[in-house]
Amino acid sequence: MNCSPLSQVQKRLFAWGMSKANDADDRTLQLIDHPHFANMAQLKQTMLGNLRGRILEIGPGAGANLRYYAPDIEWIGIEPNPFMHPHLQREAEKFGVSQNRLEVGSAERLPVEDLSIDAVVSTHVLCSVGDLNGVLDEIDRVLKPGGRFVFLEHVAAHPNTWTRRIQEGIAPIWKSLFDRCHPNRETGPEIDRAGFAEVTYHNFQLSFPVVSPHIAGFAVKA
């Protein structure tokens, strides 16, 4: 099955749905088998709240992460769906992220200078990019030496499990329904092989069908 990008109407509806999800309380989203955190709010606060400097977030959606950043950062959002942008601006104003820049663009070709970013953030984005290795190369290009790539992603389940079999079977229709999202992408190993000086992440689960397996962590540029 060929998976075409979302139509304009679908993009509007997707942006509306994502904006409504901003009202959800991440403290109620429990993490299963994470060694350090009990819920999504704790995880995101630790991952994002300590970042400083110039922060690039790829695919920020309607701005669900903006509440977790320190207010004095310089935030750059690269969001390909323009209908997300009004929601992002409202969330930035609501949570005091005053130094912000928002552009339509893709993770495969980031519109920022080489070696100019202190941290790149990706949450539930790498599943949908067309060229994962190209995106990781771009992230490496824009990060300053010692800069961090912070990621939270759903990933492929272990081979020969029922969840993995379901992911493999449903992948064609899943990608069509959810704007090219791959439920069975081996994202962790690809990050491991991307050439970062250090890669640290934990595996855990969420109580969602198909996309329950997750990883969260960071990679440091050499």
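A search of the whole structure finds 11 salt bridges, where a salt bridge is a side-chain nitrogen of Lys or Arg within 4 Å of a carboxyl oxygen of Asp or Glu. As a general point, side chains of opposite charge can pair when their charged atoms come close. Before I go through some of these pairs, please keep in mind that this is a predicted model, in which local features need pLDDT of at least 70 and side-chain atom pairs count only at pLDDT 80 or more, while totals for chains, interfaces and linings use all residues. Residues are numbered from 1 along each chain as its sequence is written, and side-chain values use heavy atoms, with hydrogens and water left out.

Let me take Arg54 and Glu113, whose side chains meet in a salt bridge at 3.4 Å, N to O. This pair links distant parts of the chain, 59 residues apart, with Arg54 in strand 1 (residues 54-58) and Glu113 in the loop between strand 3 (99-103) and strand 4 (117-123); helices (H or I, at least four residues) and strands (E, at least two) are DSSP runs, numbered from the N terminus. Is Arg54 buried or exposed? Arg54 is buried, with a relative accessible area of 16%, whereas Glu113 is partly exposed at 45%; buried means under 20% relative accessible area, exposed over 50%, and partly exposed in between, with a 1.4 Å probe and protein chains only. Arg54 and Glu113 also belong, together with Glu74, to a network of salt bridges.

Another pair is Glu91 and Arg67, with a salt bridge between their side chains at 3.9 Å, N to O. Here too distant parts of the chain are linked, since Glu91 lies in helix 3 and Arg67 in the loop between strand 1 and strand 2 (74-78), 24 residues apart. Glu91 is buried, with a relative accessible area of 9%, and Arg67 is partly exposed, at 29%.

The side chains of Lys144 and Asp118 meet in a salt bridge as well, at 3.2 Å, N to O. Lys144 is in strand 5 (residues 143-154) and Asp118 in strand 4, so that the pair joins parts of the chain 26 residues apart. Lys144 is partly exposed, with a relative accessible area of 30%, and Asp118 counts as partly exposed too, at 26%.

Staying with helix 3 (residues 85-94), we find His87 there, and His87 is buried, with a relative accessible area of 16%. Leaving aside neighbours within four places in sequence, His87 is in contact with Ala15, Trp16, Ser19 and Ala62, contact meaning heavy atoms within 4.5 Å.

Now to the cysteines. How many disulfides are there? The count comes to zero, a disulfide being a pair of cysteine sulfur atoms within 2.5 Å. The sulfur of Cys127 has its closest cysteine sulfur in Cys181, 3.6 Å away, which is too far for a bond. Cys127 counts as buried at 4% relative accessibility, and Cys181 counts as buried at 7%.

Finally, the surface: Ile173, Leu177 and Phe178 form a nonpolar patch, with about 290 Å² of accessible area together. Accessible areas come from the Shrake-Rupley method with a 1.4 Å probe, and for residues only the protein chains shown count as cover. Patches are made of residues with over 30% relative accessible area and no salt bridge, where like charges are joined within 9 Å and nonpolar side chains (Val, Leu, Ile, Met, Phe, Trp, Tyr) within 5 Å. Ile173 is in helix 5 (residues 162-177) and is partly exposed, with a relative accessible area of 43%.
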